[in-house]
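I shall present one structure today; please look at it together with its sequence.

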Amino acid sequence: MAVRKGNTLFLETAPSVISYGAVGSKKESEGPLAAAFDRLWEDSTLGEDTWEKAECRLQKEAIRIALEKGELSPKDLQVIFAGDLLNQCSSSIYGLRELGVPFVGLYGACSTMAESLAMAALFIEGGFGERAAAITSSHFCSAERQFRFPLEYGGQRTPTSQWTVTGSGAAILGRKAAPPYVRAVTIGSIIDMGITDANNMGAAMAPAAADTLRRFFRDSGMAPADFDLIATGDLGQVGSDLLREVMEKEGCPLEGRHNDCGLMIYDRERQQVEAGGSGCGCSASVLCAYLLPALQRGELKNLLFMATGALMSTTAVQQGESIPGIAHLVWLSQEPGGK
Amino acid sequence: MTKKASPNTKSWRNIPLAFLIGGLICTLGQGLTEFYRSQGLPKDEASTWASVSLVFLSALLTGMKVYDNIAKYGGAGTLVPITGFANAVVSPAMEFKSEGFVLGLGAKMFVIAGPVIVYGITAAVIYGLILFFMGAF
């Protein structure tokens with residue numbers, strides 16, 4: 001059973017990620033991680049007649065691929081933790097309704113992949129089932145529609161804005177004596193430093209990322225140098241710069257260990273994505289396409305996966321509220337815990 | 001700290017581009033006016049037809065998914081002329097067609113342009129009243 005120190009839960013029974021799948025669309029296929037994806041569509045409608053259906057399809061395909069790679073069927077899953085950015089988590093609900101697997105819908109904005117992964121790991125750790133899945137998605141077009149302007153509207157994007165990733169990632173956790181193992185989980189708190197610009201999400205999320213990292217390092221007694229990579233979800237360039245600066249000021253410099261999924265998935269110079277990628281499909285697809293395989297192959301030994309979310313409600317922001325941020329952390333490792 | 005880390009809009013690039021593309025649209029409008037006049041239309045009718053043509057072209061380019069690509073570079077240059085307004089009406093109409101013709105297209109068509117119309121008309125009424133009373137003295 002997990003051991004709690006401060007805000008961090010250390011997992012003793014070594015739950016592991018047994019299978020995963022990542023899917024994306026055109027913009028992702030032009031990015032540096034294209035080759036790592038399991039499936040990429042040239043057409044961002046994925047052959048569906050609405051953007052929302054296209055996003056559902058992303059989830060459906062991601063979980064299908066993860067099941068197939070693990071030689072599993074939906075019946076082998078005891079629970080699925082899923083979420084997305086749309087109202088009522090509709091992509092997850094419509095995307096996964098045919099599976100017939102017990103379903104928990106989560107909302108943590110762009111932090112949802114770390115949230116669902118953490119829940120799935122704790123579910124296995126607690127012995128509540130043999131296998132649990134974590135999945136999230138986002139779609140540029142459905143997100144723009146809900147949060148910003150119509151696609152064909154002629155406006156300019158600000159340099160701090162980020163490009164919502166059209167993609168999904170699914171991870172299945174279970175017990176298998178093979179890496180990547182989940183070693184620890186730190187659930188983030190809601191941090192609000194008063195950012196009100198909905199086009200500067202990175203700045204809204206960076207303080208939350210710093211807060212969660214601070215707690216994890218305090219609870220674990222470890223330091224950034226103990227990890228090969230600290231991967232934040234979608235801080236983009238602005239948020240990443242802020243996070244590094246804050247950590248440096250607090251005497252815990254990240255020493256080149258930090259990278260951001262939003263900066264890994266696109267080539268900012270070439271792809272006109274302004275400050276980088278975002279969305280819960282961003283950290284999910286980078287995790288399942290690139291980070292988990294790297295852990296499995298041994299290229300990464302210890303990884304802090306920390307997806308960050310801007311908990312923005314368009315209504316609240318229009319009423320003058322600021323944007324709270326959150327960051328959940330999952331420590332993934334080649335070595336099992338509990339020794 | 002946030003301000004320092006957040007890059008500003010590239011004004012040195014955006015302002016001249018807006019000037020250039022906005023100017024081009026206006027030149028096109030003037031060209032159209034001249035064309036209609038050469039066809040024998042009186043001056044104010046010719047400029048009305050020029051406006052109608054520009055609105056049509058902008059709506060068509062929005063429908064062909066070209067307008068937003070021009071606007072990416074043109075910025076305020078494509079926003080300010082009458083073409084920007086047409087784009088602001090057509091783009092949500094296209095986007096929300098998936099929710100049906102009444103609750104989608106019909107209801108959402110003016111989400112961006114609506115406020116402009118409301119306050120435009122209000123301002124027109126206020127100025128009209130001022131002019132009316134000033135004329136009375």
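Let me begin with a term: domain bounds come from an automatic or database domain assignment. This is a predicted model, in which local features need pLDDT of at least 70 and side-chain atom pairs count only at pLDDT 80 or more, while totals for chains, interfaces and linings use all residues. Residues are numbered from 1 along each chain as its sequence is written, and chains are lettered from A and ligands numbered from 1 in the order in which they are written.

For chain A, the assignment gives domain 1 (13-174) and domain 2 (181-333). Their centres, taken over C-alpha atoms, are separated by 18 Å. How many residues of domain 1 of chain A are in contact with domain 2 of chain A? The number is 51, and they meet 52 residues of domain 2; two residues are in contact if their C-beta atoms, placed from the backbone, lie within 7 Å. On the domain 1 side, helix 4 of chain A gives the most, with eight residues. Helices (H or I, at least four residues) and strands (E, at least two) are DSSP runs, numbered from the N terminus.

Next, the chain as a whole. Chain A has 11 helices and 15 strands. Its radius of gyration is 18 Å, close to the 20 Å that the globule rule gives for 339 residues, so chain A is as compact as a globular protein of that length. The radius is taken over C-alpha atoms, and the rule is 2.2 Å times the number of residues to the power 0.38. Of the 339 residues in chain A, 59% are buried, meaning that 20 or more other C-beta atoms, placed from the backbone, lie within 10 Å of the residue's own.

Let us now turn to one strand. Strand 14 (residues 302-310) of chain A has eight of its nine residues buried. Strands pair if DSSP finds at least two bridges between them. Strand 14 of chain A pairs with strand 11 (residues 229-232) in the parallel sense over four bridges, and A:Phe305 is the bridge partner of A:Ala231. With strand 15 (residues 325-333), strand 14 of chain A pairs in the antiparallel sense over nine bridges; here A:Asn302 stands opposite A:Ser333.

Finally, the second chain. The contact between the chains takes 26 residues from chain B and 19 residues from chain A. Helix 6 of chain B gives the most to its side, with seven residues.

How values were computed: A residue is buried if 20 or more other C-beta atoms lie within 10 Å of its own, exposed if 12 or fewer, and partly exposed in between; C-beta atoms are placed from the backbone.
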